Amino acid sequence: MTTARDPVHTSADVVWRSRAACRNEDPELFFPIGDTGPAVRQIVDAKAVCDRCPVEAYCLTWALTNGIRHGIWGGMDMEEQERSRRREDRARSRDARHWVVTDADLPDVLTPQRAAAIQRNAQRHSDPVPERVRRLAGAARKRGPKVRSQ
Ligand code: SF4
């Protein structure tokens, strides 16, 4: 969909837009006012156009990436786009909390217990385990659990 309110387009945007099912539709169809009364019919009609659009996924990604806050994009109304945005934000923050530990990330002093914890975490995420961690974690297993002195 192309409107006067769009952000700047790249050449890749021009390509997918040229295949959009809505390119000959009235752009106003995709910008309902509200979500009750006649707007409900408008939203249904707009989504029906999106349903037969070959570039639906590009359109939705473009709208979410560019922070578009009005209109039907990629077959989703604003509420659905907002939910999708929140889902992506949650996934991004999960990814940000998880990183693959390499030898370069390890501290100079690494206890066998700490190595075992790093190894468990790496295995949980199916990440490679650095050699130094593998060796030290093996030593921790041979020694058994840490016993706290009283
Ligand atoms: S998904 Fe819908 S709004 Fe997006 S380009 Fe296709 S028809 Fe247009």
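Modeller: Of the 150 residues of the protein chain, 15% count as buried. Buried here means 20 or more other C-beta atoms within 10 Å of a residue's own, exposed means 12 or fewer, and partly exposed lies in between, with C-beta atoms placed from the backbone. This is a predicted model: local features need pLDDT of at least 70, side-chain atom pairs count only at pLDDT 80 or more, and totals for chains, interfaces and linings use all residues. Residues are numbered from 1 along each chain as its sequence is written.

Biologist: How many helices and strands are in the protein chain?

Modeller: Six helices and zero strands, giving the pattern α-α-α-α-α-α along the sequence. Both are DSSP runs numbered from the N terminus: helices are H or I with at least four residues, strands are E with at least two.

Biologist: Which residues come nearest the ligand?

Modeller: A20, C22, C50, C53 and C59, out of 15 residues around the ligand. To count as near, a residue needs its C-beta atom, placed from the backbone, within 6 Å of the molecule.

Biologist: And what is the shell around the ligand like by class?

Modeller: Twelve nonpolar, two polar and one charged. Nonpolar covers Ala, Val, Leu, Ile, Met, Phe, Trp, Tyr, Cys and Pro; charged covers Asp, Glu, Lys and Arg; the others, Gly among them, are polar. Helix 2 (38–51) and helix 3 (56–65) each supply at least two residues of that shell.

Biologist: Where is A20 found?

Modeller: A20 is in the loop between helix 1 (11–17) and helix 2. With 19 C-beta neighbours inside 10 Å, A20 counts as partly exposed.

Biologist: On to cores. Which residues make up the largest nonpolar core?

Modeller: Eleven residues: C22, F30, A46, C50, C53, C59, W62, A63, I72, W73 and M76. Helix 2 and helix 3 are the elements that give two or more residues to this core, and the largest share, three residues, comes from helix 3. There is also a second, separate core of five residues, including A115, I118, V133 and L136. A nonpolar core is a set of buried Ala, Val, Leu, Ile, Met, Phe, Trp, Tyr and Cys residues joined through C-beta atoms within 7 Å.

Biologist: Which residues of helix 3 are buried?

Modeller: C59, W62 and A63. Seen down the axis of helix 3, they fall within an arc of 95 degrees, so they line one face of the helix. The arc is that of the directions from the helix axis to the C-beta atoms. On the other side of helix 3, A57 and T65 are exposed. Just after the helix, G67 takes a positive phi of about 65 degrees.

Biologist: Switching to helix 5. Which of its residues are buried?

Modeller: A115, I118 and Q119. They cover an arc of only 100 degrees around the axis, which puts them on the same side of helix 5. R120 and R124, on the other side, are exposed. S126 follows helix 5 and has a positive phi, near 55 degrees.
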